[in-house]
Amino acid sequence: MSLRGVNLITAMTIVAEIGDMSRFESPRQFMAYLGLVPSEYSSGSRQKRGGITKTGNGHVRRVLVESSWSYRLPARKTAHLQRKAEKTTDAVQAIAWKAQKRLYKRYWHLTFKGKLKVQACTAVARELAGFIWAIAREIMGKNNTSAVATA
């Protein structure tokens, strides 16, 4: 919940629908599971990319796209985000701040290139999934080292 646009319902939807994040070895696998990767039409040496595949979990994909709309606004640490961030580690806060800066730039870069706003938000949702994967790995890494230390 330290990410902008991700509150209780979004976080609980992701946790309930995904379950164990350790089954995804890379953020690309997680994005593909959500159906946020572009489709590809290829024949021989020709490759043409299409829209997102939409295969996979539609619930999580929907909440991520809705959350990505908040990245239209400039990156800043609001009081609300500060209160949510106090409950997390410094590493998670750093990932969330990096996400906020990168996704804001990504949205406006795509918009200025002429992409539709909904397409830009879908692209931002794809990268947001990567940041969620990184935060989950950070949290699982902390839990695994503490479990090893107590054992």
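Here, contact means heavy atoms within 4.5 Å. The close-ups below come from a predicted model.

**Close-up A. Helix α1 against helix α3.** Here's how residues 8–18 (α1) and residues 58–68 (α3) pack: the axes lie 9 Å apart, at an angle of about 155 degrees. Angles over 145 degrees count as roughly antiparallel, so that's the label for α1 and α3. As for handedness, their crossing is left-handed.

**Close-up B. Who meets whom between α1 and α3.** On the α1 side you'll find Thr10, Thr13, Ile14, Glu17 and Ile18, which meet His59, Val60, Val63, Leu64 and Ser67 of α3. Sorted by class, that contact comes out as five nonpolar residues, four polar ones and one charged.

**Close-up C. Lys54, a loop residue with a positive phi.** Look for Lys54 in the loop that runs between β2 (46–52) and α3. Its phi sits near 60 degrees, which is positive even though the residue isn't glycine. For background, most residues other than glycine have a negative phi. Lys54 is also exposed, since its relative accessible area is 58% and the cut-off for exposed is over 50%.

**Close-up D. Helix α5 from end to end.** This helix takes in residues 90–112, and at 1.5 Å a residue its 23 residues should span 33 Å. Buried along α5 are Val92, Ile95, Ala96, Ala99, Gln100, Leu103, Tyr107, Leu110 and Thr111. Just past the helix comes Gly114, with a positive phi of about 105 degrees.

Conventions: Residues numbered from 1 in each chain as written. Predicted model: local features only at pLDDT ≥ 70, side-chain atom pairs only at ≥ 80, totals over all residues. Heavy atoms only, no water. Helix = DSSP H or I, 4+ residues; strand = E, 2+ residues; numbered from the N terminus. Expected span 1.5 Å × (residues − 1). Buried < 20%, exposed > 50% of the residue type's maximum accessible area, 1.4 Å probe, protein only. Axes fitted to C-alpha atoms, helices over the stretch in contact; angles between N-to-C directions. Parallel < 35°, antiparallel > 145°, perpendicular 65-115°, else oblique. Left-handed = near helix turned anticlockwise from the far one by under 90°. Nonpolar A, V, L, I, M, F, W, Y, C, P; charged D, E, K, R; others polar.
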